[in-house]
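Please load the structure in a viewer and keep the selection panel at hand.

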Amino acid sequence: MPQRPIRLAIAGGHRGASFLNALALLEGQIELAAICDPSETVRDRWSQTNPGVKTYDTYARLLDDPDIDSVFIATPMTLHAEQAIQALKAGKHVLSEVIAAVTLDECWELVETVEKTGYTYMLAENYCYRRETLFVKNMAELGAFGEITFAEGAYIHDCRDLNIHIDGTRSWRGNLRAGNSQSSRGNGYPTHSLGPVAQWLGINRDDRLLRTTTFVTQSASRHEWAKEVLPEGHPDREADAWLNSADSASTLIQTEKGRVISLRFDSASPRPHNMVHYGIQGNRGAFVSRRHDDEEPLVWIDGISPGVSPANFRHEGMARPVGHEEMGHPEWQLLWDLADRYEHPLWKEHGADALSSGHGGGDYLVLKDFVEAVMNGSRPPIDVYDAVTWSSITPLSVQSVQNNGAPVDIPRFNRNS
Ligand SMILES: NC(=O)c1ccc[n+]([C@@H]2O[C@H](COP(=O)([O-])OP(=O)(O)OC[C@H]3O[C@@H](n4cnc5c(N)ncnc54)[C@H](O)[C@@H]3O)[C@@H](O)[C@H]2O)c1
């Protein structure tokens, strides 16, 4: 265990800044030593607000700094795998923003580099650490849903305004979603939806992802938006700029145990943002997340939740057929009503601190688990195999779409499992 706090550097100063609260809460265990961003404006802002933090204009210079133990990679998505591999080779631990990699080659190289170097690699999938997702994980692990057969997750967030910079140039997101990008017709951002679901189902532990298929919709919303907000003559006002794009991608995944996972990714369709879209079906219970901010998540657990349910008829020695009328109606109840029984221990202990950081507490708990993994040399809760398994849905979905939705095998990235 290191004697001094972990010395962290952040690459990518925008998203990186949202971890400042979490870093302050973990004072004494981890401290921010440097940031790296090619943008002078971003570096100047950091120098003004955090004068003790070194600033680097290139990633290579950051990696040359022997005072830095760990790097949080919060750069554009297409840089994550390459920068993680470079950091590991330079002897640094890595916490990577989502998604971990955008091609299968990158996934494999990342796995090989972590295995060879032995440094800690963790994916910062903060949606796995929201109160609700931890709560449901605890329920799933305690068997509350019985045998889980189906789970779903979606990331639906109108991010069209992030596609073009204020000066009219395309952002990295715009380049990914526009017609010339490889991943524009596929599930381009699968880990917020799949990460929590994979943890509920024990993927890479008790079960594994076998094969996947994806269908995408036509592109209707990006062009509509571009015509409204971009000036006459801007090339992205043309329909063909977004022609090869898709508004919505629907992915199905089959697991080894026979479960089915349904995912949706949509960063174009206009509607209010709702952070969570999840569900679970088991043979003894079900969970549905709230559809908008004025709702609360609901569960139904056989024998616990109100209303008539199969459990009412499960008397010893009295098994008999039950008619549909007699069966009555099981009733949903608020997830939070079961807090005494199922609140996740991590949330019980750290929920109050977590809520003062970003993304419903996720940013703090991600960083906390990363610190513990580095300090103890232990397996991080979201390790490189989870990171690439979840992220591989992006290139695999593109392959599936190119083949009219044909199923594609999902690689077994951990060859020792
Ligand atoms: N987990 C979450 O909830 C969440 C939320 C937002 C963003 N993200 C992820 O964080 C990442 C960054 O997103 P963002 O919204 O901050 O993007 P952004 O475009 O606003 O910021 C990216 C920053 O990276 C800098 N950068 C570019 N190349 C670099 C390099 N080679 N080295 C160092 N810095 C470099 C840019 O100058 C910019 O300041 C993305 O991968 C995104 O998917 C995750």
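How many of the eight residues of helix α14 (residues 384–391) are buried? The model is predicted: local features require pLDDT of at least 70, side-chain atom pairs count only at pLDDT 80 or more, and totals for chains, interfaces and linings use all residues. Residues are numbered from 1 along each chain as its sequence is written.

**Stop 1: helix α14.** Select residues 384–391; eight of the eight are buried, so helix α14 is largely enclosed by the rest of the structure. A residue is buried if 20 or more other C-beta atoms lie within 10 Å of its own, exposed if 12 or fewer, and partly exposed in between, with C-beta atoms placed from the backbone. Helices (H or I, at least four residues) and strands (E, at least two) are DSSP runs, numbered from the N terminus. The buried set includes Val-384, Tyr-385, Val-388 and Trp-390. Next, display what covers these residues, including β5 (93–96), α5, β6, α8 (191–200), β8 (209–216) and α15 (393–402).

**Stop 2: the two domains.** Colour domain 1 (6–126) and domain 2 (129–344 + 383–409) separately; the bounds come from an automatic or database domain assignment. Their centres, taken over C-alpha atoms, are separated by 28 Å. The contact draws 20 residues from domain 1 and 19 residues from domain 2, where contact requires C-beta atoms, placed from the backbone, to lie within 7 Å. On the side of domain 1 that touches domain 2, α5 (104–117) and β6 (121–123) are the elements giving two or more residues. The largest share of that side, five residues, comes from α5.

**Stop 3: the nonpolar core.** Now select Ala-9, Leu-110 and Val-388, which have the most contacts inside the largest nonpolar core, a set of 107 residues. Such a core consists of buried Ala, Val, Leu, Ile, Met, Phe, Trp, Tyr and Cys residues joined through C-beta atoms within 7 Å. Helix α13 (residues 362–376) gives the most to this core, with eight residues. Domain 1 and domain 2 both give residues to this core, so it lies between them. Around Ala-9, not counting residues up to four places away in sequence, the residues touched include Ala-33, Ile-35, Leu-62 and Val-71.

**Stop 4: the open sheet.** Display the nine strands in the order β14-β13-β12-β11-β7-β10-β9-β8-β15, whose pairing is mixed; two strands pair if DSSP finds at least two bridges between them. At the edges stand β14 (333–334) and β15 (408–409), each with a single partner strand, so one side of each is left without a neighbour in the sheet. Strand β12 (residues 285–288) runs antiparallel to β13 (residues 298–301), joined by four bridges. Two bridges join β13 to β14, also antiparallel. Leu-298 in β13 stands opposite Val-288 and has Leu-334 as its bridge partner in β14.

**Stop 5: Glu-343.** Finally, select Glu-343, in the loop between α11 (339–342) and α12 (345–355). With 18 C-beta neighbours inside 10 Å, Glu-343 counts as partly exposed. Glu-343 touches Phe-135 and Lys-348, not counting residues up to four places away in sequence. A C-alpha to C-alpha distance from Glu-343 to Ala-84 gives 34 Å, across 259 residues in sequence.

Methods
Two residues are in contact if their C-beta atoms, placed from the backbone, lie within 7 Å.
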